[in-house]
Amino acid sequence: MRRWGLDPKEKSLFLMTEVSDNVVLSSRNIGTLKMLTPRTLNLFDILDSEKLVFTKSAVEFLNERYGNDDNDWEEEEDEQDGGEAEESGESSE
């Protein structure tokens, strides 16, 4: 854990889509470490952890599952920028 910059005394959560048997057996020896899959992920464990470590595949799974679409962010920013420009234009008249 120290190799990744994590303190073994801090509560850490690892989110992985596939967890090998060796990783499960090894992680049981560390009381402050939780190994979860997206299927077993819950809000309490996220909020209770001081450090979160996600694999790339776990992040991709969560984005697909909960619909993180980069285009939505761009559309919202364009709408907000347009709304601010209209408001500032009205107040200057």
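Reader: What order do the strands take in the open sheet of 3 strands?
Author: Happy to start there. This is a predicted model, in which local features need pLDDT of at least 70, side-chain atom pairs count only at pLDDT 80 or more, and totals for chains, interfaces and linings use all residues. Strands here are DSSP runs of E with at least two residues, helices are runs of H or I with at least four, both numbered from the N terminus, and two strands pair if DSSP finds at least two bridges between them. With parallel pairing, the strand order is β2-β1-β3.

Reader: Which are the edge strands?
Author: An edge strand pairs on one side only. The twist averages 15 degrees from one strand to the next, taking axes as lines fitted to C-alpha atoms and angles from 0 to 180 degrees between N-to-C directions. The edges are β2 (33-36) and β3 (51-54).

Reader: How many bridges join β1 to β3?
Author: Strands of a sheet pair through backbone hydrogen bonds, either parallel or antiparallel. Strand β1 covers residues 12-15 and runs parallel to β3. L15 stands opposite F54 in β3. The number of bridges joining β1 to β3 is 4.

Reader: What pattern does the chain follow along the sequence?
Author: Residues are numbered from 1 along each chain as its sequence is written, and side-chain values use heavy atoms, with hydrogens and water left out. The chain has 4 helices and 3 strands. Read in sequence order, they give β-α-β-α-β-α-α.

Reader: Is F54 buried or partly exposed?
Author: F54 sits in strand β3. Buried means under 20% relative accessible area, exposed over 50% and partly exposed in between, with a 1.4 Å probe and protein chains only. Because its relative accessible area is 32%, F54 is partly exposed.

Reader: Which residues form a nonpolar patch on the surface?
Author: Nonpolar side chains (Val, Leu, Ile, Met, Phe, Trp, Tyr) are joined within 5 Å, and like charges within 9 Å. Together the members have about 220 Å² of accessible area, by the Shrake-Rupley method with a 1.4 Å probe, where for residues only the protein chains shown count as cover. They are L52, F54 and V59.

Reader: How far apart in space are I30 and K9, C-alpha to C-alpha?
Author: I30 lies in the loop between α1 (21-27) and β2, and counts as partly exposed at 30% relative accessibility. I30 and K9 are 21 residues apart in sequence. Their C-alpha separation in space is 9.2 Å.

Technical notes: Patches are made of residues with over 30% relative accessible area and no salt bridge: like charges are joined within 9 Å, nonpolar side chains (Val, Leu, Ile, Met, Phe, Trp, Tyr) within 5 Å. A salt bridge is a side-chain nitrogen of Lys or Arg within 4 Å of a carboxyl oxygen of Asp or Glu.
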